[in-house]
Amino acid sequence: MKSYRKELVFDVPTRRAFINITPRVEQCLAESGIKEGIALVNPMHITASVFINDDESGLHQDYDEWLERLAPHEPVSQYRHNVGEDNADAHMKRQVMGREAVVAVTDGRLDFGTWERIFYGEFDGRRKKRVLVKIIGE
């Protein structure tokens, strides 16, 4: 069995963003040489998420607006966590969207449904962020 690990780095200029990272994960899979196995993709930040869904801008805007209603950024004083920080809402948004995505690898490809893509969801950006890709298999 082989194991492959790579950190992807993103410069996220906005507080919140959804980035399609599927091509970068596919590049990692090609580099790994693994044909059958599992790919794990997770953010290395507690205010971000990796999830699988459709690459449709209206859906992403719906997510953003829905999450902002669930855990609004302002007023920051509404959160006990915001002592010296202003990102309590980002922690909550991550909890709702989940931590990681796991994708089967079949015949050297990510084994997706028709519209599935991997996204990095950022909820406290404006700086460099990292995503871990770990692929295990043969």
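## Around Val131

Let's start with Val131. Leaving aside neighbours within four places in sequence, Val131 is in contact with Lys6, Glu7, Leu8, Phe10, Ile21, Val41, Asn42, Pro43, Met44, Val50 and Tyr120 (contact means heavy atoms within 4.5 Å). Keep in mind that this is a predicted model, where local features need pLDDT of at least 70 and side-chain atom pairs count only at pLDDT 80 or more, while totals for chains, interfaces and linings use all residues. Residues are numbered from 1 along each chain as its sequence is written, and side-chain values use heavy atoms, with hydrogens and water left out.

One of the residues touching Val131 is Glu7, which lies in strand E1. With a relative accessible area of 29%, Glu7 is partly exposed (buried is under 20% relative accessible area, exposed over 50%, and partly exposed in between, using a 1.4 Å probe and protein chains only). Setting aside neighbours within four places in sequence, Glu7 is in contact with Met44, Arg130 and Val131.

## The cores

Val131 also belongs to the largest nonpolar core, which has 24 residues; Ile21, Val41, Leu110, Ile118, Val131 and Ile135 touch the most other members. A nonpolar core here is a set of buried Ala, Val, Leu, Ile, Met, Phe, Trp, Tyr and Cys residues joined through side-chain atoms within 4.5 Å. The elements giving two or more residues to this core are strand E1 (2-12), helix H1 (22-32), strand E3 (37-43), strand E4 (48-53), strand E5 (101-106), strand E7 (117-122) and strand E8 (127-137). E1 gives the most, with four residues.

Apart from this core lies another one, of eight residues, including Phe18, Phe51, Leu67 and Phe123.

## The overall build

Stepping back, the protein has three helices and eight strands, in the order β-β-α-β-β-α-α-β-β-β-β along the sequence. Helices (H or I, at least four residues) and strands (E, at least two) are DSSP runs, numbered from the N terminus. Among contacts between residues at least 6 apart in sequence, 82% join residues at least 24 apart.

The C-alpha trace spans about 50 × 30 × 20 Å along its principal axes. Buried residues make up 41% of the 138 residues. As for charge, there are 20 positive and 23 negative side chains, and the centres of the two sets lie 6 Å apart. Lys and Arg count as positive and Asp and Glu as negative, with His and the chain ends not counted; the place of a charge is NZ of Lys, CZ of Arg, CG of Asp or CD of Glu.

## Helix H3

Helix H3 covers residues 88-97, and its buried residues are Ala88, Asp89, Ala90, Lys93, Arg94 and Met97. These buried residues pack against E4 and helix H2 (57-70). Just after H3, Gly98 takes a positive phi of about 95 degrees.

Most residues other than glycine have a negative phi, and most peptide bonds are trans. Asp107 has a positive phi of about 55 degrees although it is not a glycine. Asp107 sits in the loop between E5 and strand E6 (109-110) and, at 60% relative accessibility, counts as exposed. Arg126, also not a glycine, has a positive phi of about 75 degrees. Arg126 is in the loop between E7 and E8 and counts as partly exposed at 47% relative accessibility.

A cis peptide bond joins Glu74 and Pro75, with omega about 0 degrees. Pro75 lies in the loop between H2 and H3.
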